[in-house]
Amino acid sequence: MTNHSETAGPFENGEDRDFSGVGAGGGGGPAGVPLGGRVVHDAQVTLRTPAELADALPYLLGYRPEDSMVLVALYDSDGPGRFGGRARLGIPANEDDWGAAARQLAKGLVLSSERRGARAERMVAYVCQEPQDGESGQDVMRRLRPLAQLLRTECGSLDVPVVEALCVSGGRFWSYVCPVDACCPAEGTVMGLPGTSVLAAAATYAGLQVRGTLRELRARMLPWETSAALEQEIALDAAGLSLVPRILDEASRAEVAEETLDLAERIIRRFTEAPPVSGTHPADVRDDTLLAHDEAAALILGLQDRTTRDRAAAWMEGDEAAPALRLWRAVARRCVGPYREHAAAPLTLAGWVAWSTGDELEAREALAMALGADPDYLFARLLHQACNEGIDPEAVRRCLRVERANRLRGTALEGADVKSGADVSPAPGAQDSAPASGPDDQARRDDRTESAPATPPTTATNSRRRRRGRPSGHTSPDSTGPTRADTGRRRPPNHRPDASTTPTRRGNTRRDATRTCATDGENT
């Protein structure tokens with residue numbers, strides 16, 4: 001499908017505009033049209049005018065950007081101006097930060113394309129912001145002109161010229177490059193109706209839809225701020241009094257892990273059996289009604305054990321993936337009040353399932369939100385980096401499939417042992433996934449990665465692991481500080497246990513091995 005409209009005006013060097021819509025979604029060379037965060041093969045859309053470029057932006061990103069500056073790479077290796085990688089940053093509120101943000105955006109996209117062996121040769125730049133009170137779109141265009149110029153300068157310093165720079169605001173667009181008033185008038189050009197362009201037709205033909213805004217996407221995973229949030233916080237307090245001591249106890253920690261996973265599996269089945277609902281918000285509300293406060297509290301606290309979280313990550317594909325993603329979104333919404341930091345675990349799981357099923361947009365946002373909740377969350381950091389670099393998640397899926405199979409094999413062997421009363425040793429690989437029975441068993445699992453499923457470690461190992469303090473003085477299973485049950489009172493959300501009470505584990509082979517398993521030959 002090709003647009004044969006006439007060129008609307010010259011470049012600064014006198015060449016015709018011709019932006020072919022074929023290019024790798026992550027900047028890895030010609031491979032398909034990057035629409036909605038996914039690559040669509042065997043399609044071609046040629047864009048020649050600023051109007052077509054302005055209309056293309058939501059389809060290139062998969063959502064309608066707000067308060068954003070965006071760079072889109074072009075490659076000439078297999079035809080002129082083939083679309084490639086995209087990069088977006090929010091526009092800093094302080095204009096003094098614009099230079100650093102423009103430098104970060106340009107350098108990040110150019111280096112990313114170089115790592116994939118297809119260096120960007122040209123760029124298209126966008127600045128998008130809605131008018132504020134008393135401001136017109138034209139005022140926004142003038143105010144953001146220095147930012148657009150900074151983007152052009154930074155890209156130029158990397159020998160990647162910006163061939164078009166557009167401002168989108170108030171339903172209109174302006175070109176900072178086109179000198180032809182008939183093409184790009186000073187008052188701006190009205191954007192076409194959504195879904196009426198040739199690129200919109202190509203996206204529809206490919207079965208893709210442009211979502212709303214990033215704000216709407218994040219809202220599906222943000223903690224409640226309604227009256228129900230207080231009820232959920234009370235349930236979390238009550239669950240903490242009963243669960244945290246059991247998680248910290250060597251004899252009952254594995255039992256809590258099994259209870260957590262069994263509960264998650266029951267709710268996933270409940271979500272699967274629920275009748276479908278049209279619309280994202282009504283669907284989320286329906287899911288909230290299917291998840292009780294005490295169930296959400298048990299899952300939130302149980303997932304703070306990272307090996308339990310890793311085992312939950314195995315629900316990542318097939319019929320399990322969609323209801324699992326709905327569950328992790330719903331659990332993240334229940335991390336209210338002083339428990340907001342606990343959202344790192346369900347948000348990471350949501351990001352992982354989204355990435356595993358091909359939704360890179362939601363994956364990036366969920367993982368970024370997980371790092372916002374806990375910047376030191378290693379699993380989220382590794383997945384976020386791998387997703388941003390366009391790495392195939394199959395390597396991580398292989399790790400999870402093997403661990404799940406080994407765990408099921410070990411369970412079957414244990415069952416046979418109990419039934420026969422014989423002394424049966426697990427097969428090679430299975431014993432590493434069997435429930436820990438002591439420090440020696442756990443030591444054999446220290447080489448396993450944090451991002452692959454594993455059964456909960458014993459307290460002997462727990463005492464050597466480093467874990468950040470949790471809000472309200474409520475420590476995670478990986479910490480040794482006082483719990484709410486110990487103190488009987490709530491601590492400030494920013495409370496952290498004293499360093500003297502939180503031993504740091506040195507030479508942790510699990511952390512060293514994480515990168516190996518999570519990437520399996522990938523460049524994270």
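Predicted model: local features only at pLDDT ≥ 70, side-chain atom pairs only at ≥ 80, totals over all residues.
Reader: What makes α11 largely enclosed by the rest of the structure?

Author: The count of buried residues does: 12 of the 13 residues of α11 are buried, so the helix is largely enclosed by the rest of the structure. Buried here means under 20% relative accessible area. Among the buried ones are P323, L327, W328 and R333. The cover over them includes α7, α8, α9, α10, α12 and α13.

Reader: How do you know that the span of α11 is close to the expected one?

Author: From its first C-alpha to its last, α11 reaches 18 Å, and 18 Å is also what is expected for its 13 residues at 1.5 Å a residue.

Reader: Why is W328 called buried?

Author: Its relative accessibility is 0%, and the limit for buried is under 20%, so W328 counts as buried. As for neighbours, not counting residues up to four places away in sequence, W328 touches A264, L303, A312, W315, P346, L349, A350 and V353.

Reader: Why is the pair of W315 and W328 called stacked?

Author: Two values settle that. The ring centres lie 6.4 Å apart, and pairing asks for centres within 6.5 Å. The planes stand at 25 degrees, while stacked needs under 30 degrees, so the pair is stacked. W315 sits in the loop between α10 and α11 and W328 in helix α11, so the pair ties together parts that are 13 residues apart in sequence. W315, at 7% relative accessibility, also counts as buried.

Reader: Which residues touch the most other members of the largest nonpolar core?

Author: That core has 63 residues, and L299, W315, L327, W328 and W352 touch the most other members. Elements giving two or more residues include α6, α7, α9, α11 and α15. The most comes from α12, with nine residues. A second, separate core of 32 residues includes Y75, A102, C155 and Y176. As a general background, nonpolar side chains tend to be buried together in soluble globular proteins.

Reader: Now to charges. Why is the contact between R333 and D288 called a salt bridge?

Author: The N to O distance between their side chains is 2.9 Å, and a salt bridge asks for within 4 Å between a nitrogen of Lys or Arg and a carboxyl oxygen of Asp or Glu, so the pair qualifies. It links distant parts of the chain, with R333 in helix α11 and D288 in helix α8, 45 residues apart.

Reader: Are these two partners buried or exposed?

Author: R333 has a relative accessible area of 4% and D288 has 15%. Both values are under the 20% limit, so R333 is buried and D288 is buried.

Reader: Which residues do salt bridges with shared partners join into one network here?

Author: The network joins E317, D392, E394, R397 and R401. Within it, R401 and E317 meet in a salt bridge of 2.9 Å, N to O. R401 lies in helix α15 and E317 in the loop between α10 and α11, so the pair ties together parts that are 84 residues apart in sequence. In total, the structure holds 26 salt bridges.

Notes: Residues numbered from 1 in each chain as written. Heavy atoms only, no water. Helix = DSSP H or I, 4+ residues; strand = E, 2+ residues; numbered from the N terminus. Buried < 20%, exposed > 50% of the residue type's maximum accessible area, 1.4 Å probe, protein only. Core = buried A, V, L, I, M, F, W, Y, C linked by side-chain atoms within 4.5 Å. Contact = heavy atoms within 4.5 Å. Phe/Tyr/Trp six-rings, centres within 6.5 Å; stacked < 30°, edge-to-face > 60°. Expected span 1.5 Å × (residues − 1).
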